[in-house]
Amino acid sequence: MPRSFIEKIDGTEKFEQRSNDGQDSLTKTSQSVTRSEKHPRHLKVEHNSPEERALVRRYDLRVMPIMCLLYLFAYLDRTNLGNARLQGLPQDILGGDKSGELFDWVNSAFFFSYILFQVPATVIMKLFSPRIWLGCVAIGWSICSVLMAASFNLPGIIVCRVGLGVFEAGFGPAVPLYLSFFYTKSELGLRMAYWFGFAAVAGAFGGLIAFAVQQADLDGPLHGHNWRLLFIVEGIPAFILGLVTIVFLPTRPENTSFLSDGPERDLAVERMNRDAKAEVGGTVNTRHIILALKDWKVYTAGVIYFGLNCALASISAFLPTIIKTFGFTSANAQLLTVPPYACVAVVLTLTAWVSDRLQSRGIACAISSAVAGIGYVLLITVDNNVHVRYFSVFCITSGTYTHIGLIIAWFAHNLGSETKKATGIPMFMAIGQCGSILGSHLFPATEGPHYIKGFAVSCALQFVATICALILTIFYRLENKRRDSVYGRPNPDEGVDTSDLADERDPDLTTPTQTPQFRYIP
């Protein structure tokens, strides 16, 4: 069917016809979602209508609780090594590990498999029902977490950590893609903040659980080995939640039984196509995979994510140890990890809400990393004031977690098509997770209690992330302005066809493209 649009060139309007014949697509089934006569193709929708607000509330009550709880337990199972370290794990199975090097390798083993499997797992996820995929990977990482309690030597616990990374690789990068099926770009930032905020909740909750487990006086084989109980207590809930996910998590809007046929499903599908036209579930557009591999913006995001994850991995694994160097006991150090994570939940949510309202994320990302960098500067320069050093922990956690939540939401829209998101998001996450491996080795016990090298490297990477965020937001603003000058301002009531070029444009901007309406969130 021919497609018409108006292109503005040199201040004049030029009307052109363009056929969809010859459209390059990876597979015959890789096409945009269309509606049958039962679901009209040109559905006129009043944005933010009572019906739309009611639909979003349904999503919030059904989708978000499951996704947030999944991430809570995923993050607990990933990061509870830091608490287990203070409960005797190195003494029991690592031969004491006075240098801390063996613990560093146990911690980083997770990230090797997590990095390798992110891109293939997220692309393959498009071929399966989201509820089946996400439920099964949750059951998988739960089993690996519980098996860590049965480890009796270094190889045993490393195998469990590698398995944990394989299954979690199929979860984290898939979430932004999955949520983009249900939420528009003006809603996604806050929902990603809710979701990623549960990493902070996990940090606080994990500290409380670890404190309670440490007080337990157990008999039998767990006597004197409280860290084993910790892995069991934090691993089992994910198994139960995985089963709940398989039964209750909605699939895609066009075919989920969660929505009723008629106006409700029409509205849901229209929303999914509002910012970028959706692909048919169960297909992969290989051309968009190549576009993602060649996109410099994805690699710039990877540099940002590298610095953020270096800080995140070290905070997750070593925060109780770092706070202990302030002069607190092991039990109190674990308890004192709770307030910084509680602060993160508030700061992240508020920042995401503002960025959604302003439809701008780059400036908030840059400020967040700068705040975290200042926190590291305080740790390096202030040696004797415990209050200032503890305050610096709040800066580091709030800045790091906020930036991570924002950049995931940022690229959940700015990559255009589903396949490019399914490739680009795990790509920059995989690059960034290499920073997690670095972060796992920055705080050996031999460099305590000051850990100058670890703080200095993390500080430098935070300021590099600040600069890269500014580069991206400047580019996005200039590119949006350039497209406005050629195509005119986009009509918010028209769908955005990203099936050909995803978010890209023709290099010379002189010929019509399939994305004249697409605009980046700067």
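These legends walk through several close-up views of a predicted model.

Figure 1. Start here to get your bearings before zooming in. The protein has 522 residues, and buried ones make up 59% of them. Take the contacts in the protein with a separation of 6 or more: 81% of these join residues 24 or more positions apart.

**Figure 2. Helix H8 meeting helix H9.** H8 covers residues 185-215 and H9 covers residues 226-248. Their axes come within 9 Å and cross at roughly 135°, so the two helices are oblique to each other. The crossing of H8 past H9 is right-handed. On the H8 side, look for Gly 206, Ile 209, Ala 210, Val 213 and Gln 214; on the H9 side, for Asn 226, Leu 229, Leu 230, Val 233 and Glu 234. Sorted by class, the residues of this contact come out as six nonpolar, three polar and one charged.

**Figure 3. Leu 230, a buried residue of H9.** Let's zoom in on one residue from the H8 and H9 contact. Leu 230 sits in helix H9, and its relative accessibility is 0%, so it counts as buried. Setting aside residues up to four places away in sequence, Leu 230 touches Ile 209, Ala 210 and Val 213, along with Asn 80, Asn 83, Ala 84 and Gln 87. Ile 209, Ala 210 and Val 213 are among the H8 residues listed in the previous view. Ser 145 is 85 residues from Leu 230 along the chain, yet their C-alpha atoms are separated by 9.9 Å.

**Figure 4. Leu 76 in helix H1.** Helix H1 spans residues 50-79, and Leu 76 has its place there. With a relative accessibility of 2%, Leu 76 counts as buried. Apart from neighbours within four places in sequence, Leu 76 is in contact with Ala 202, Phe 205, Gly 206 and Glu 234. Leu 76 and Ala 238 are 162 residues apart along the chain, and 9.7 Å separates their C-alpha atoms.

**Figure 5. Helix H8 again, this time with helix H16.** H16 runs over residues 386-414 and packs against H8 at an angle of about 145°, with the axes 9 Å apart. As H8 passes H16, the crossing is right-handed. From H8 come Lys 185, Leu 188, Gly 189, Met 192, Trp 195, Phe 196, Ala 199 and Ala 200; from H16 come Tyr 401, Ile 404, Gly 405, Ile 408, Ala 409, Ala 412 and His 413. The contact of H8 with H16 has eleven nonpolar, three polar and one charged residues.

**Figure 6. Trp 195 and the largest nonpolar core.** In soluble globular proteins, nonpolar side chains tend to be buried together. Here, the largest nonpolar core has 139 residues, and the ones touching the most other members are Met 67, Phe 171, Leu 179 and Trp 195. What does Trp 195 touch, leaving aside its neighbours within four places in sequence? Its contacts are Met 64, Met 67, Cys 68, Tyr 71, Phe 171, Gly 172, Val 175 and Ile 408. Ile 408 is one of the H16 residues from the previous view.

**Figure 7. Helices H12 and H18, with Thr 321 in H12.** The axes of H12 and H18 come within 9 Å and cross at roughly 150°, so these helices are roughly antiparallel to each other. Their crossing is left-handed. The residues in this contact split into 19 nonpolar, five polar and one charged. Thr 321 lies in H12, which covers residues 296-324. Its relative accessible area is 13%, so Thr 321 is buried. Beyond its neighbours within four places in sequence, Thr 321 is in contact with Arg 85, Leu 86 and Tyr 451.

**Figure 8. Tyr 451 and Gln 359, two loop residues with positive phi.** Most residues other than glycine have a negative phi. Tyr 451, though, has a positive phi near 50°. Tyr 451 is in the loop between helix H17 (418-439) and helix H18 (452-487), and it counts as buried at 6% relative accessibility. Gln 359 also isn't a glycine, and its phi is positive, about 50°. Look for Gln 359 in the loop between helix H14 (338-358) and helix H15 (362-381).

How values were computed. Residues are numbered from 1 along each chain as its sequence is written. This is a predicted model: local features need pLDDT of at least 70, side-chain atom pairs count only at pLDDT 80 or more; totals for chains, interfaces and linings use all residues. Side-chain values use heavy atoms; hydrogens and water are left out. Axes are lines fitted to C-alpha atoms, for helices over the stretch in contact, and angles run from 0 to 180 degrees between N-to-C directions. Helices (H or I, at least four residues) and strands (E, at least two) are DSSP runs, numbered from the N terminus. Angles under 35 degrees count as roughly parallel, over 145 as roughly antiparallel, 65 to 115 as roughly perpendicular and the rest as oblique. A crossing is left-handed if the near helix is turned anticlockwise from the far one by less than a right angle, and right-handed if clockwise. Contact means heavy atoms within 4.5 Å. Ala, Val, Leu, Ile, Met, Phe, Trp, Tyr, Cys and Pro count as nonpolar, Asp, Glu, Lys and Arg as charged, and the others, Gly among them, as polar. Buried means under 20% relative accessible area, exposed over 50%, partly exposed in between (1.4 Å probe, protein chains only). A nonpolar core is a set of buried Ala, Val, Leu, Ile, Met, Phe, Trp, Tyr and Cys residues joined through side-chain atoms within 4.5 Å.
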